[in-house]
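Reader: Could you walk me through this structure with me asking as we go? I would like to start with one of the helices and then change topic.

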Amino acid sequence: MNHENRNIHINDVTYIIETKDLCKVYQNHSVVNNLNLHIPKGQIYALLGRNGAGKTTTMKMLLNLVQPSSGKIFLFGKNSSDFNKKNYHRIGSMIEAPAFYENLTAKENLEILARLRGRHRKDTIEYALSIVNLEKEHKKLFREYSLGMKQRLGLAAAIMHEPELLILDEPMNGLDPIGIYETRNYLLQLCKEKGTTILISSHILNEIEQIADVIGVIEKGKLLEETNLQKLYQHRRRYAEFEVSDVKKAALILEHFFYISDYTIIGNSLLRLYEKIDSRADINRHFVKEGLAVANISVHTGKLEDYFTELVGGDEIG
Ligand code: ATP
C-alpha cells in the first residue's frame, strides 16, 4: 500500500486539512473543481460562498460522507484514504440540518451519541448543553424544538467530545442574534483557549469578518481566493469622492494636471479618486479655477462587500 503522509508546514504553518485538486462531479456537472484548501492548525477558517457554491459538498468530502471524484484530502497530515476511521473522533461536525431522534430530549439524544462514540467524560453532556444554553430544556422533545434550538443541539453534539477539529456547515443558520453572538464567542474562545481548528462555512460576509482568521472564497466549486483577514482589509480602499458639475472635464484635469489614473466615474456627477487623496484641496482649487462647480468632497473607506462582489462577479454576496 502506498501510504502518503505529509507533514504539511509551509512558512511554519501546520495545516490540519489540505486538499489537492479536489473535485466532485454529479451527473456530468462539476460542483467542486480542483479545490486546493489549506486550513491552518488552531485557526478559524471560513469557507465563504453563495448558495450552491459547493461548500457543503466540500465539507462532506472532508468528512468521508461523499466520495471525491478525484483529488486528495490530507487530514492531520495523513492522506484521508489512510486515515483510520477510529481517528474521526478527533473531528466534530455539523453538516446541514442535524438529525436526532424526534421523540427524545436533547440529553437523551446526546447520551445515545456518547455511547456510540464511547469516548466521553461523564460531565460532557451537561457541559455541552450548557455551552449552547439548552441545559434547562429537560422535558422538551426534539420534535418540539425550534430551528435555532435544533441548531444549538447540533453544535452541542459536535463539540461534546472535545475534538481537535470542528467542521461546521453554516452554524449560525436559524439562530437568533443572541444565539449568533454566543456561538461566535464560544467558537473564538474554543480556538484561543483550546487551540481547536475550526472550519466553518457561510454565505454571510459580515458574519465571517467577525470570526475568521483565514477566508477561502468559493464560487461555482472553484477557490477564487484564500487569504487572511488583514490582507483582505487591504481591499477596503480609501477614496475621496468629488461631486462636480462636469465629471468628464474633472477626469481630464486629474489625468493631465495631477497624473492620476486610479479613479472611477459614477453617474453624471460623482468621481472617486483612489490615489493622491491627500491632495484633494489642491485638486479642488484646480477644478474651481477651471470653471467646475464642486458641490461636495468626502473621504470614505470602501466596503469589503464591494471587493467580493467584484471577485465573484455579478450579484452581491453576503
Ligand atoms: P448552500 O449554501 O445552499 O448549502 P453550498 O455552497 O453548500 O450551498 P452545495 O450544497 O455543496 O453548495 O451544492 C453545490 C452544487 O452541487 C449545487 O448545484 C447542488 O445542487 C449540487 N449538488 C449537491 N449535492 C448533490 C447531489 N447529491 N446530486 C446532485 N447534485 C448535487
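Author: In α1, the buried residues are Lys 55, Thr 57, Thr 58, Met 59, Met 61 and Leu 62, where buried means under 20% relative accessible area with a 1.4 Å probe and protein chains only. This is a predicted model, in which local features need pLDDT of at least 70 and side-chain atom pairs count only at pLDDT 80 or more, while totals for chains, interfaces and linings use all residues. Residues are numbered from 1 along each chain as its sequence is written, and side-chain values use heavy atoms, with hydrogens and water left out.

Reader: How many of the residues of α1 are buried?

Author: Six of the eight are, so the helix, which spans residues 55–62, is mostly covered; helices here are DSSP runs of H or I with at least four residues, numbered from the N terminus.

Reader: And what comes just after α1?

Author: Just after that helix, Asn 64 takes a positive phi of about 65°.

Reader: Now the ligand: which residues are around it?

Author: The shell holds Tyr 26, Gln 27, Val 31, Arg 50, Asn 51, Gly 52, Ala 53, Gly 54, Lys 55, Thr 56, Thr 57 and Glu 170, each with a heavy atom within 4 Å of the ligand. Helix α1 gives the most to this shell, with three residues.

Reader: Which ligand atoms sit by Gly 52, Ala 53 and Thr 57?

Author: An oxygen atom of the ligand is 2.7 Å from a polar backbone atom of Gly 52, and an oxygen atom of the ligand is 3.0 Å from a polar backbone atom of Ala 53. For Thr 57 it is a polar side-chain atom that lies 2.5 Å from an oxygen atom of the ligand. The protein buries 62% of the 630 Å² that the ligand exposes when taken alone, with areas from the Shrake-Rupley method and a 1.4 Å probe.

Reader: Changing topic, how many cavities of 30 Å³ or more are there?

Author: The structure holds one, a cavity being a set of points on a 1 Å grid over the protein atoms alone where a 1.4 Å probe fits but cannot get out. About 50 Å³ of space lies in the largest cavity, a volume being the space filled by probe spheres set on the points.

Reader: Which residues line the largest cavity?

Author: Its lining is Ile 131, Val 132, Arg 152, Leu 155, Gly 179, Glu 182, Thr 183 and Tyr 186, where lining residues have an atom within 4 Å of a point. The elements giving two or more residues to that lining are α4 (147–159) and α5 (177–194), and the largest share, four residues, comes from α5.

Technical notes: 1 Å grid on protein atoms, 1.4 Å probe; cavity = no way out; pocket = protein on both sides within 12 Å on 5 of 7 lines; lining within 4 Å. Buried < 20%, exposed > 50% of the residue type's maximum accessible area, 1.4 Å probe, protein only. Polar contact = N/O pair within 3.5 Å; in protein donor to acceptor, adjacent residues only side chain to side chain.
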